[in-house]
Amino acid sequence: MERLVDSLFALMTLEEKLGQLTQLSGQSTEAGPRVRAEDQARIRAGQVGSFLGIYGAAYTRRLQRIAVDESRLKIPLLFAYDVIHGFRTIFPVPLAEASSWDPAAVERSARVAAVEATAHGLHWTFAPMVDIARDPRWGRIVEGAGEDPYLGAVMAAARVRGFQGTDLAAANTMLATAKHFAAYGGAEGGRDYNTVDLSPQTLHQTYLRPFQAAAAAGVGAVMPAFNEVNGVPMHANADLINGVLRGRWGWDGVVVSDWNGIQELIPHGVAASRPEAGALGLHAGVDVDMVSAIYLQDLPAVVRGGRVLQREVDEAVRRVLRAKYRLGLFQDPYGYSDVARERAATLTVDHQAAAREVGRKSIVLLKNQGNLLPLAKSLKTIAVIGALAVDAGSALGSWSADGRKEEAVSLLDGIRHAMPSAEVLYAKGADVEGSDTSGFAEAVRVARRAEAVILVLGERRGMSGEASNRASIDLPGMQEELAKRVQSSGKPVVVALMNGRPLAIPWLDEHIPAILETWYLGTPMGSAVADVVFGDYSPGGKLPVTFPRATGQIPLYYSHKNTGRPPSEEGNTSKYLDVPWTPLYSFGHGLSYTTFGYGAPRLSRRSMRATDTLVVQVDVTNTGQRPGEEVVQLYLRDDVGSVTRPVKELRGFRRITLQPGQRAAVTFTLRSEDLAFYDRRMNRVVEPGSFTVFVGGGSADVKEARFEVTTGTQLGDALLR
Ligand code: BGC
C-alpha cells in the first residue's frame, strides 16, 4: 500500500492532490442520481476524489471508467452515501434498533445495508451516527442510540463491524463513518446546529465515548459536527481532531467534512474568507471537503505559500489513497459496480425477514394493564385508527436511502395480513398535525363497532431528523383529543406510537391500558408490529432514552448527579412545583408478555484493587406463563469521589431468552475501565472507596450490592479495546 501511495504521490500536482480531497454531490433525476456534465469533466481532470449521493451499478461503473481510463493518474473514485438504517430494505431507525439492546441484531442490520448498498456501487456510508442525545427536542435523536454512552459505544462498534465486516476489500463491505464528531447532540435548546458548551469531563466521558468505541472497532472515517464546542467550530477544531482523535487515540482514518462544513466556518465567525476557512479546516485535520469545493478552488494559492499546509495536504491525500487501497479499488475499481449482484442482492426475502426480526426486537412495551396485550387472534372485528396507521412512508423514518414507501408495510396492512379472517375497520380520526376534528365522530363509530382498538399516534417521519426540532415533545395536533374520544367509546384501546423521539404522553399513560413504542421500523413495519400485537412474539425491547412527563423537564436522563439536595416531595429540594421530577418512563424500561424475577446480585469479592476484576452474577427467572426475552442491565455508582459522580451508570447488559419457569445465571465482569472517570485534572482514574452495583430489568428497577476498591490507579486513554 505504501509503495503504491508513494509512487502516485510522486506524480501528483498540487491540483490533483486537492482533487483527491474534494467530494462533490450528485443530483437526483428521474433516471436516478446523476452527476452534472461539468463534474464529469472534473473527473477527467483529476479534480474530484469522491461523490456523495451517486449510486447504481451501471452508472457508477460508467463514472469509474472515466476516472480510471481517462484521467491522467487513473485513481479510482469513491462513491459515498447516507446508508443509515438500510439501503433498499429499510431497517428500524437507529433509535429503535438501540431499543433492542441487541448488538448482534444491530450488526446484522448494518451488514445487510452494506450488502445492498455495495451492490449498487457504493463504497462508503456516512454512518453510524453515534451522537449521544439527551434532548428529545433535537430532531436527530432519531439517528443515534439515545442518551447513554455505554449503550451508545456498544451500538457504535456493532454498526462499524456490520458495515465494514472483516475485510474492507471484499466487494460487499463498505467504509463506515462515525459522526458527528463531537457533541452534536449537546445543542442548546435542542436546536440543530446550535452552540455546545460543555465541561471537558462531560465531553470526554459522555459524548466522545461512542467515538472512541467506533475508533477501536476500526471505523474507516469520521465526520466532524456542524456545531462548535466551547467556542471552536468542529471543522476547525484541531485540538479534538488532530489532538484527541488522531493523537491521543492513535486513530488513522479519513476525516470527511459535513455538508459544506468548511464553508460554514465563515458564518461561525472564525474565518473571514473561503481561503481562510479552507486553511483552518485542513489544519484541523479535515481531509475531505464535502461540496464546498474550497479545497479545490481556494487552497492552491494558500498552500503554495506555506510549508505547513503543504505537509498537511500530503498527509490528507495519503489517508484518502489508503482508504481507496483498503477498499480494494486499486486492484479492482469495478468490484462494487456489478449489475448482476445489484439485481440479486436487493430487497431479498432474507433481507426483509431480517428487518422484520430486528423490527420486533426493537419494540418496547411501555404499559400493559390487565394484560390487554397480546390481542386474541380469535377477535372478529378490530378497529385501526390514526393517520399514521396508513402512512407507509413514515414507517421508513428519517434517511431512507433507496427505500420505497410502496414496498413498505403500513401498520394497517400488517394487521390485515395477520388477521385474514377478522374484519379490520379503519378510520383516520385526525391528521398528525393541525386542528381538524371532523374525523372524530367516524373514529368513535368505528371503535364502537370493534372488539378492540389499535390507535396509532405520534409524529410523521419528517418531524424528526436533520433540522427537524420541536419546541414541545407533546403529541402533535389533535391526536390526544382523538385518544380521549376513542377511549370514551369504552372499548379496550391499544396505542401504538410511531415517533422519532421520546414524547411526553402523561394522559395516555394514565388512561390507555396498553402502549407500545414502535418507533419507525422500516420496510416491514406493519408485520413486525402485528407479530407483537397478536402475540407471535413477546416484546423485549427497552428504552435507550428517558421519556419525560413534560417538555420542561428536559434535559432529563437517568445518569444524573445527585446534587446536594436530591429531589423529594418535601422541602427545598431539586424538584418542580407543577410536575413530578421523575420521568414518565425511565431509561432501560420495557415490559414483556411474561414476567421476570431477579435475585440479589452476587459479587465474586467484596473488595478489590483497581487493577483486579470483579464478577457480578445474578439469577433471572421467567416467572410468567410465556417464553420471553429480557435485557438484564448492570449499573454502577462510585459512592464518593474527588468530583461528583452520576447516581448510576450502565456498565453491562445482556438480552436473554427464558422459557416459563426457566432460570439463568447472568454474569458480568467489571474491570478498571468500568470504574474509571476523568478527575479535575482530566486524568482518567479509579479512586479507592465504596461502589454500588445495581442489577435489574431497567434503570429504576434494580437490586443492589456494595464493594470496596482498596487502591486506586490511573489509566491512559489510548483506544479502549
Ligand atoms: C448531515 C450529515 C450527512 C450529510 C451528507 C448533512 O447535512 O449532517 O449527517 O452525512 O449531510 O448527506
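Reply: Happy to! A polar contact here is a pair of N or O atoms within 3.5 Å; within protein, one must be able to donate a hydrogen and the other to accept it, and residues adjacent in sequence count only if both atoms are side-chain atoms. This is a predicted model, where local features need pLDDT of at least 70 and side-chain atom pairs count only at pLDDT 80 or more, while totals for chains, interfaces and linings use all residues. Residues are numbered from 1 along each chain as its sequence is written, and side-chain values use heavy atoms, leaving out hydrogens and water.

Let's start with E466, which has a polar side-chain atom 2.8 Å from an oxygen atom of the ligand. For H180, the polar side-chain atom lies 2.7 Å from a ligand oxygen, and for D82 the distance to a ligand oxygen is 2.5 Å. The protein covers 92% of the 310 Å² of accessible area that the ligand has on its own (Shrake-Rupley method, 1.4 Å probe). Around the ligand there are 13 residues (a heavy atom within 4 Å), and D82, R140, H180, D258 and E466 come nearest. By class, this shell has seven nonpolar residues, one polar and five charged; Ala, Val, Leu, Ile, Met, Phe, Trp, Tyr, Cys and Pro count as nonpolar, Asp, Glu, Lys and Arg as charged, and the others, Gly among them, as polar.

Now for the domains. An automatic or database assignment gives domain 1 (1-79 + 309-347), domain 2 (355-553) and domain 3 (596-714). The C-alpha centres of domain 2 and domain 3 lie 35 Å apart. Nine residues from each of these two domains take part in their contact (heavy atoms within 4.5 Å). Two salt bridges link domain 2 and domain 3, a salt bridge being a Lys or Arg side-chain nitrogen within 4 Å of a carboxyl oxygen of Asp or Glu. K361 pairs with E629 in this way, with the closest N and O atoms 3.9 Å apart.
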